[in-house]
Amino acid sequence: MRKIILVVIALLLVPVYANAHANVVSSIPTAGGSTSFMPDRIQITFTENLLQLEGKKVNSIALSYMKHSDLGLAVPLTDVKVEGSTLSAEVSAGQYETGNYNVSYSIVSADGHKLDGSFLFTLKSFGSTFQSATPSATPVPTNGGGDGVLPLPIVGAIAIAVIVGLFVAFSRRNRSK
Ligand SMILES: [Cu+2]
């Protein structure tokens, strides 16, 4: 009888475990927040430890300056590190323009589940530096790995704009009836 109870408990626990997907707990800078200085490291902490495989790039993080809403300029990141449930990378030394920056990440939690996402933060002070010794390292434009391929956050933004546009058009048409 005790064995049966244990099996039942084990079976009940399986879906709970399978649904324990990683989520973002916190980040530096705060998602959707604003900051006076570009931090020397971008950092994201998840609800679960991240998977690490020797010699394989399982988890990635990228930073881009959203010069215009439709254009992201990649900001070089180095020293990508996974420590438990935290993914971080060093921001290249230099000066950074004020405006919106997008952090995108692609991780695999220890249970093998993949999670992609992104968030924005705003740099408030022009020319903010975190290492004034380095004169200038303005974000360098890149093609993001493929000509004509829009980064996912931008595709998402366009999709939202289209949906909002359709919604507005639809509700206007309904009102005029
Ligand atoms: Cu999971």
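In β7, Gln43 finds its bridge partner in Ser88. That pairing sits in a predicted model, where local features need pLDDT of at least 70, side-chain atom pairs count only at pLDDT 80 or more, and totals for chains, interfaces and linings use all residues. Residue numbers start from 1 along each chain as its sequence is written.

Strands here are DSSP runs of E with at least two residues, helices are runs of H or I with at least four residues, and both are numbered from the N terminus. Two strands count as paired if DSSP finds at least two bridges between them.

| Pair | Sense | Bridges |
|---|---|---|
| β1 and β3 | antiparallel | 4 bridges |
| β3 and β7 | antiparallel | 5 bridges |
| β6 and β7 | antiparallel | 5 bridges |

At the β6 end, Glu83 stands opposite Thr86 in β7, the strand spanning residues 86–91.

In a regular strand the side chains alternate between the two faces of the sheet.

Zooming out, the protein has 2 helices and 11 strands, in the pattern α-β-β-β-β-β-β-β-β-β-β-β-α along the sequence. Of its 177 residues, 17% count as buried, meaning that 20 or more other C-beta atoms (placed from the backbone) lie within 10 Å of the residue's own. As for contacts (C-beta atoms, placed from the backbone, within 7 Å), residues 24 or more positions apart account for 68% of those with a separation of 6 or more.

How far to trust it all? The pLDDT, the predictor's confidence in each residue from 0 to 100, averages 78 over the protein, and 62% of the residues score at least 70. Over residues 131–150 the pLDDT is below 50, though this stretch has 23 contacts in the model beyond near neighbours in sequence. Where pLDDT is low, the predicted coordinates should not be read in detail.

Definitions and conventions
Two residues are in contact if their C-beta atoms, placed from the backbone, lie within 7 Å. A residue is buried if 20 or more other C-beta atoms lie within 10 Å of its own, exposed if 12 or fewer, and partly exposed in between; C-beta atoms are placed from the backbone.
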